[in-house]
Amino acid sequence: MAYSQENLAEEALVSRRSRLLGAKSQLFYDEPVHLVRGEGVWLYDADGRKYLDAYNNVAHVGHCHPHVVEALCRQASLLNTHTRYLHTAILDYVERLTATFDASLSTAILSCTGSEANDIALRMAQAATGRMGIIATDATYHGNTAAVSQLSTRMPPVGGRARHVRLVPAPDSYRHPDAMATGKAFGDAVREAIASLEQDGIGLSGIILCPLLANEGFPALSSGFFGDALRAVREAGGLIIADEVQPGFGRTGSHFWGHQRAGFVPDIVTMGKPMGNGHPVAAVVTTREILATFRNAFRYFNTFGGNPVSSVVANAVLDVLEQEDLVANAFDVGAYAQGLLRPLADRHECIGEVRGAGLFFGAELVHDRKTREPAPDIAEQVANRMRHRGVLMGKTGIHGNVLKIRPPMPFSRDNAAFLIGMLDEVLDEVGGVPA
């Protein structure tokens with residue numbers, strides 16, 4: 001087989017990456033994309049080819065948004081230091097951020113990553129309750145610190161899972177619609193986990209959930225689905241942690257935060273990637289009482305968390321969300337995109353269920369609609385073939401068979417129509433793949 005100069009250059013880059021970053025340093029797609037520039041909803045590779053970004057919640061308000069870049073450059077040229085000095089940028093931002101929450105959630109700690117934020121949240125729950133036990137779903141992901149990596153089932157912890165962790169079955173709206181009708185089955189599983197923690201003398205500190213259950217495949221949840229489970233947690237004296245890294249900052253279109261859409265008020269909220277539009281900044285928002293207890297229990301300090309540049313950048317992201325009415329755009333374009341996606345199920349037998357909220361939507365792919373056998377192989381092929389057609393998207397879910405479309409918030413109706421048109425063509429190509 002003859003290799004082009006482009007292929008050889010790419011192979012050399014992959015080889016260099018493996019040598020320097022480790023052979024299993026993760027890359028997307030069967031042929032990795034070498035990106036060099038981004039603008040709005042578009043990304044450009046080293047050869048000048050452009051890709052529609054339908055995956056990235058990092059560049060939440062669009063790649064290299066001029067207002068965010070200008071704010072970053074202006075503050076970086078003025079001052080950047082840690083938060084043991086007084087500066088107003090962090091205070092201005094926290095006041096503005098907490099104004100988007102229930103009045104009870106009025107204080108915050110800023111960090112650099114969502115992993116750090118979730119690590120802090122777990123320690124807050126432990127400090128507030130005096131207990132260690134934590135509950136999560138068995139198909140989730142909340143980060144990669146030693147503490148939060150205990151909650152992931154994709155890569156089981158070395159030496160086994162910690163005694164204080166309990167994982168409950170993730171809801172599956174496609175295969176178990178009856179159990180999804182009220183949330184009782186989920187509530188029963190949480191009660192069983194609480195009882196197990198009590199029996200082992202550990203006790204419950206809380207539950208951590210993505211309100212959209214994004215990594216679980218964003219199943220179609222009934223109104224008030226989490227109510228029974230969260231009542232059980234509160235009755236046991238535990239706290240509720242909402243991980244808003246994926247559904248937050250207006251992505252669902254109907255609400256600014258995923259927990260608001262899901263109909264509950266958490267005790268602790270964490271956020272990360274979208275907050276700085278690519279700049280590393282994250283946060284934990286909670287009540288005054290919980291924060292005070294945490295501060296008394298832990299001498300926590302984060303050198304870069306809430307530094308002036310990060311605070312100004314995060315504030316600029318809120319500017320853009322407001323000025324460009326991007327939450328309303330997520331609602332409109334998301335509904336439009338799902339309206340285009342649903343008819344594809346009539347043409348392609350591999351589409352089992354279309355679902356989503358705002359600019360987080362996709363479809364569950366199956367080999368057989370009657371048996372509902374998951375088709376992760378088809379989902380993998382679809383993501384790779386879309387990449388070769390200039391559209392970047394991913395897959396997720398309990399079985400790894402749910403197409404995940406999660407573009408930057410300025411995504412337009414024209415972008416959606418282009419994407420669904422490409423997806424229709426790709427599904428024609430792969431729909432007949434055998435099990």
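Helices (H or I, at least four residues) and strands (E, at least two) are DSSP runs, numbered from the N terminus. Residues are numbered from 1 along each chain as its sequence is written. The model is predicted, so local features need pLDDT of at least 70 and side-chain atom pairs count only at pLDDT 80 or more, while totals for chains, interfaces and linings use all residues; side-chain values use heavy atoms, with hydrogens and water left out.

**Stop 1: Thr137**

Select Thr137. It sits in strand β5, residues 133–137. Thr137 has 1% relative accessibility and therefore counts as buried. Buried means under 20% relative accessible area, exposed means over 50%, and partly exposed lies in between (1.4 Å probe, protein chains only).

The side chains of Thr137 and Glu216 are joined by a polar contact of 2.6 Å. A polar contact is a pair of N or O atoms within 3.5 Å; within protein, one must be able to donate a hydrogen and the other to accept it, and residues adjacent in sequence count only if both atoms are side-chain atoms.

Show what else Thr137 touches. Leaving out residues up to four places away in sequence, the list is Leu151, Leu167, Val168, Ala170, Phe186, Leu209, Leu213 and Glu216. Contact means heavy atoms within 4.5 Å.

**Stop 2: the loop between β3 and α2**

Select His60, in the loop between β3 (50–53) and α2. Is His60 buried or exposed? At 0% relative accessibility, His60 counts as buried. Beyond its neighbours within four places in sequence, His60 contacts Gly248, Phe249, Arg251, Pro274, Asn277, Leu321, Pro408, Met409 and Pro410.

Move to Cys64, also placed in the loop between β3 and α2. Cys64 has 52% relative accessibility and so counts as exposed. Check its backbone: phi of Cys64 is near 50°, a positive value in a residue other than glycine. Most residues other than glycine have a negative phi.

**Stop 3: α2 against α10**

Select helix α2 (residues 66–76) and helix α10 (residues 308–323). Their axes are 9 Å apart and the helices pack at about 155°. That makes α2 roughly antiparallel to α10. Axes are lines fitted to C-alpha atoms, for helices over the stretch in contact, and angles run from 0 to 180 degrees between N-to-C directions. Angles under 35 degrees count as roughly parallel, over 145 as roughly antiparallel, 65 to 115 as roughly perpendicular and the rest as oblique.Show the side chains where they meet. From α2 come His67, Val68, Ala71, Leu72, Gln75 and Ala76; from α10 come Pro308, Val309, Val312, Val313, Ala316, Val317, Asp319 and Val320. How do the residues of this contact divide? Eleven are nonpolar, two polar and one charged. Here Ala, Val, Leu, Ile, Met, Phe, Trp, Tyr, Cys and Pro count as nonpolar, Asp, Glu, Lys and Arg as charged, and the others, Gly among them, as polar.

**Stop 4: α11 against α14**

Select α11 (residues 326–341) and α14 (residues 413–430), whose axes come within 9 Å and cross at roughly 25°. The two helices are therefore roughly parallel to each other. Asp332, Val333, Tyr336, Ala337, Leu340 and Leu341 of α11 meet Arg413, Ala416, Ala417, Ile420 and Leu423 of α14. Nine of these residues are nonpolar, none polar and two charged.

Last, pick Gly421 in α14. Gly421 counts as partly exposed, at 31% relative accessibility.
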